[in-house]
Amino acid sequence: MPPTAEYGPPRLATDGGEPVTRLLTDIADDQRHGRWRPEWPSIPETFLTQTRPVE
């Protein structure tokens with residue numbers, strides 16, 4: 001089993017480094033503040049919460 005399957009989305013985001021965590025943070029902010037286009041598929045809040053960088 002590949003490591004990302006074993007450790008899940010938070011590990012995937014961490015392994016991707018700052019560019020991935022910045023992208024996920026921006027996506028979460030856009031969805032939460034109504035800047036997400038209705039024709040774009042939404043990303044589940046649980047995924048965004050799990051992949052949020054630790055500050």
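Asp26 is partly exposed, at 33% relative accessibility; buried means under 20% relative accessible area, exposed means over 50%, and partly exposed lies in between, with a 1.4 Å probe and protein chains only. The side chain of Asp26 meets that of Arg22 in a salt bridge, 3.2 Å from N to O. This is a predicted model, in which local features need pLDDT of at least 70 and side-chain atom pairs count only at pLDDT 80 or more, while totals for chains, interfaces and linings use all residues. Residues are numbered from 1 along each chain as its sequence is written, and side-chain values use heavy atoms, with hydrogens and water left out.

**Salt bridges**

- The structure holds three salt bridges, each defined as a side-chain nitrogen of Lys or Arg within 4 Å of a carboxyl oxygen of Asp or Glu.
- Asp26 and Arg22 are both in helix H3, four residues apart, which is about one turn of the helix; helices (H or I, at least four residues) and strands (E, at least two) are DSSP runs, numbered from the N terminus.
- Arg22, the partner of Asp26, is partly exposed at 43% relative accessibility.
- Asp30 and Arg35 also join their side chains in a salt bridge, with 3.0 Å from N to O.
- Asp30 is partly exposed, with a relative accessible area of 24%, and Arg35 is partly exposed, with 48%.
- A salt bridge also links the side chains of Glu45 and Arg32, at 2.6 Å from N to O.
- Because Glu45 belongs to helix H4 (residues 45-50) and Arg32 to helix H3, this pair ties together parts that are 13 residues apart in sequence.
- Glu45 is partly exposed at 38% relative accessibility, and Arg32 is partly exposed with a relative accessible area of 37%.

**The aromatic pair**

- A search of the whole structure finds one aromatic pair.
- Trp36 and Trp40 form this pair, which is edge-to-face, with 4.9 Å centre to centre and 80 degrees between the planes.
- Rings of Phe, Tyr and Trp (its six-membered ring) pair if their centres lie within 6.5 Å; planes under 30 degrees apart count as stacked, over 60 as edge-to-face, and the rest as tilted.
- Trp36 is partly exposed, with a relative accessible area of 22%, and Trp40 is partly exposed, with 36%.

- Gln31 is located in helix H3, which covers residues 18-32.
- Gln31 counts as buried, with 19% relative accessibility.
- Apart from neighbours within four places in sequence, Gln31 is in contact (heavy atoms within 4.5 Å) with Trp36, Ser42, Ile43 and Leu48.
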